[in-house]
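Hi everyone, thanks for making time this morning. Let me put the structure up on the screen, and then we can walk through it together.

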Number of protein chains: 2
Amino acid sequence: MTANAGLARLSLNQRTIRGATLPEAVTACVTAGVPAIGLWREEVAETGLEAAAACVADAGLRVSSLCRGGFLTGSTAADRAAALADNRAAIDEAAALGAPCLVLVVGGLPAGSTDLAAARDGVRAALRDLASYAGDRGVRLALEPLHPMYCADRAVLSTLAQALDWAEEFPAGQVGVVVDTFHVWWDPDLLAQIARAGERIASYQVSDWITPLPADVLLGRGMMGDGHIDFAPITAAVATAGYRGDIEVEIFNQAVWDSPADQVMTTMCLRYRELIAP
Amino acid sequence: MTANAGLARLSLNQRTIRGATLPEAVTACVTAGVPAIGLWREEVAETGLEAAAACVADAGLRVSSLCRGGFLTGSTAADRAAALADNRAAIDEAAALGAPCLVLVVGGLPAGSTDLAAARDGVRAALRDLASYAGDRGVRLALEPLHPMYCADRAVLSTLAQALDWAEEFPAGQVGVVVDTFHVWWDPDLLAQIARAGERIASYQVSDWITPLPADVLLGRGMMGDGHIDFAPITAAVATAGYRGDIEVEIFNQAVWDSPADQVMTTMCLRYRELIAP
């Protein structure tokens with residue numbers, strides 16, 4: 001398909017219009033002139049892997065990422081083995097879908113544990129089990145540092161510097177990082193770490209930081225322009241670092257989810273052109 | 001007064017028993033054998049500065065800190081001038097109370113602004129106006145990095161590394177830093193930055209990180225042991241860095257505030273002995 005003017009690198013993360021099936025999300029992209037889509041495993045499974053791949057390919061869309069693998073901090077050996085198997089399955093799915101990367105939300109502290117250092121070491125050990133499996137299939141593991149407010153329960157990976165420390169143990173083709181504005185905008189060291197990241201940047205995701213945070217902090221992401229993030233310097237730093245891939249809009253927000261999908265797509269394209277497009 | 005066994009360095013931040021007047025909080029400390037107290041300006045004003053100073057001194061308590069100055073990111077010159085005047089008043093109050101440090105919550109983004117870099121520069125400029133004024137009065141400005149989830153609306157100072165970058169522009173006697181477990185526990189660089197801090201550590205504050213976060217994230221602090229923080233390595237690092245001052249328990253939590261103060265004091269002393277006492 002041909003992207004609408006100014007949207008050549010825009011990707012819809014499909015959870016931004018949660019409730020839409022994968023074929024509906026693909027149609028929404030085509031209608032709006034959005035040339036790429038970020039997929040989620042749950043919606044892919046619902047459609048079926050082969051049908052999902054065909055649907056996206058027939059529409060002429062690029063897949064910018066598959067969300068998500070990770071959750072590698074299980075407390076028992078059986079938990080960890082199950083997580084590794086599930087991540088290998090996710091890598092296979094990413095390969096089948098033509099997704100260049102699998103986004104990893106690494107997992108929080110194991111239940112009942114306060115041993116943050118051990119949880120972090122456990123993730124690094126799991127990456128050693130997964131990195132070449134991914135690279136061999138043309139899929140990059142994309143380590144996503146999550147906002148520190150999720151450190152206990154979602155991701156013990158909390159800064160871009162830490163993600164790069166972990167990624168640099170592996171070839172850049174095997175392990176990269178996600179720069180997601182919502183998670184990293186506050187970081188005093190952000191621009192320096194983006195420069196350091198260079199070719200390690202596997203995905204650039206955008207959404208805004210809104211206040212007050214909602215009661216469910218997982219739904220705190222706003223549409224670009226509705227919050228406090230200055231996107232221009234971050235986008236410029238990502239470009240200077242060499243990233244030329246898709247820019248994915250990923251918004252978890254009840255008000256956005258309650259709005260008609262076509263209206264969300266329209267607003268997203270408008271705000272992308274105004275605030276993000278490099 | 002004589003501290004109860006094992007409590008020689010424990011300080012009650014008076015907001016942990018919010019609702020108590022300053023004299024009531026002082027009495028609670030004496031009853032529980034807690035030898036120090038962290039005061040708040042609002043409660044001091046309610047009692048009157050001289051009466052407050054006399055009340056604490058007569059009880060034989062140490063003042064561990066005065067909370068708080070800061071909020072230095074006003075959007076107009078008049079706002080910023082008013083903030084500087086208010087901070088000088090707070091420094092005078094700290095001196096009158098015998099508080100070794102004034103805790104600074106530096107302020108969030110000015111209303112309507114997304115210019116995080118400018119807000120941060122503004123705080124550093126304000127510190128240049130305040131540091132020697134504080135030092136001349138025997139009060140140390142204690143820069144408190146707040147959890148990054150407060151970056152937009154409370155404090156653009158987000159990590160201990162950043163606090164040290166700012167503090168190191170001044171003599172250690174003028175500007176130090178606060179290590180507050182709730183705000184910094186997630187930081188992958190924490191132990192290295194505590195070691196770097198050395199004599200810059202002006203205050204060590206403890207409370208726990210609980211999940212799920214409550215709807216009002218300002219009230220997310222838990223009693224030590226109720227959450228996810230492993231205090232031992234942080235306390236050990238603070239000790240190794242050379243800090244020998246009071247250890248302040250500061251908990252903002254509705255359930256704690258709804259409990260009888262004597263019960264909170266008992267639990268606090270118990271948990272301090274179990275989890276914190278160096």
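Let's start with a question to get us looking: is helix 6 of chain B, residues 160-167, largely enclosed by the rest of the structure or open? Keep in mind while you look that this is a predicted model. The helix turns out to be largely enclosed, because six of its eight residues are buried. Those buried residues of helix 6 of chain B are L160(B), A161(B), A163(B), L164(B), W166(B) and A167(B). And what do they pack against? In chain B, their partners are helix 5 (116-136), strand 5 (140-143), strand 6 (175-180), helix 7 (181-184) and helix 8 (190-197).

Now let me step back to chain A as a whole. Chain A has 11 helices and 10 strands. Its radius of gyration is 18 Å, close to the 19 Å that the globule rule gives for 278 residues, so chain A is as compact as a globular protein of that length. If you like to think in boxes, the C-alpha atoms of chain A fill one of roughly 45 × 40 × 35 Å along the principal axes. Buried residues account for 55% of the 278 residues in chain A. As for contacts in chain A with a separation of 6 or more, 78% of them come from residues 24 or more positions apart.

Next, please find strand 6 of chain A, residues 175-180. This strand is mostly covered, with six of its six residues buried. Which strands does strand 6 of chain A pair with? One is strand 5 of chain A, residues 140-143, which pairs with strand 6 in the parallel sense over three bridges. Here L141(A) has V175(A) as its bridge partner in strand 6. Another is strand 7 of chain A, residues 201-206, which runs parallel to strand 6 and is joined to it by four bridges. On that side, V177(A) stands opposite I201(A) of strand 7. Helix 6 of chain A, residues 160-167, comes in here too: strand 5, helix 6 and strand 6 of chain A make a right-handed β-α-β unit.

Strand 3 of chain B is mostly covered, and nine of its nine residues are buried. Strand 2 of chain B, residues 36-40, pairs with strand 3 in the parallel sense over five bridges, and G38(B) has S65(B) as its bridge partner in strand 3. Strand 4 of chain B, residues 101-105, also runs parallel to strand 3, joined by four bridges. There, the bridge partner of G70(B) is V105(B) in strand 4. From strand 3 of chain B the chain crosses through helix 4 to strand 4, and this β-α-β crossover is right-handed.

Now for a few backbone details. F71(B) is not a glycine, and yet its phi is positive, about 50 degrees. F71(B) counts as buried because it has 20 C-beta neighbours inside 10 Å, and 20 or more is the cut-off for that label. In chain A, F71(A) also has a positive phi of about 50 degrees, and F71(A) counts as buried with 21 C-beta neighbours inside 10 Å.

Chain A has cis peptide bonds to look at as well. The bond from C67(A) to R68(A) is cis, with omega near -5 degrees, and R68(A) sits in strand 3 of chain A, residues 62-70. The bond from T211(A) to P212(A) is cis, with omega near -10 degrees. P212(A) lies in the loop between strand 8 (208-209) and strand 9 (221-222) of chain A.

Let me finish with how the chains meet. In the interface, 23 residues of chain A are in contact with 23 residues of chain B. On the chain A side, those residues divide into 13 nonpolar, seven polar and three charged. How are the two copies related? A rotation of 180 degrees with 0.0 Å of shift along its axis superposes chain A on chain B, with an RMSD of 0.0 Å. The two copies are therefore related as by a two-fold rotation axis. Of the residues of chain A, A215(A) comes closest to that axis, its C-alpha being at 2.1 Å. The copies meet through the same surface, because 100% of the interface residues of chain A are also interface residues in chain B.

Note on methods. Residues numbered from 1 in each chain as written. Chains lettered and ligands numbered in written order. Predicted model: local features only at pLDDT ≥ 70, side-chain atom pairs only at ≥ 80, totals over all residues. Buried ≥ 20, exposed ≤ 12 C-beta atoms within 10 Å, placed from the backbone. Helix = DSSP H or I, 4+ residues; strand = E, 2+ residues; numbered from the N terminus. Pairing = 2+ DSSP bridges. Right-handed = clockwise from strand over helix to strand, strands pointing away. Contact = placed C-beta atoms within 7 Å. Nonpolar A, V, L, I, M, F, W, Y, C, P; charged D, E, K, R; others polar. Least-squares fit on C-alpha atoms with pLDDT ≥ 70 in both. Rg over C-alpha atoms; globule rule 2.2 N^0.38 Å.
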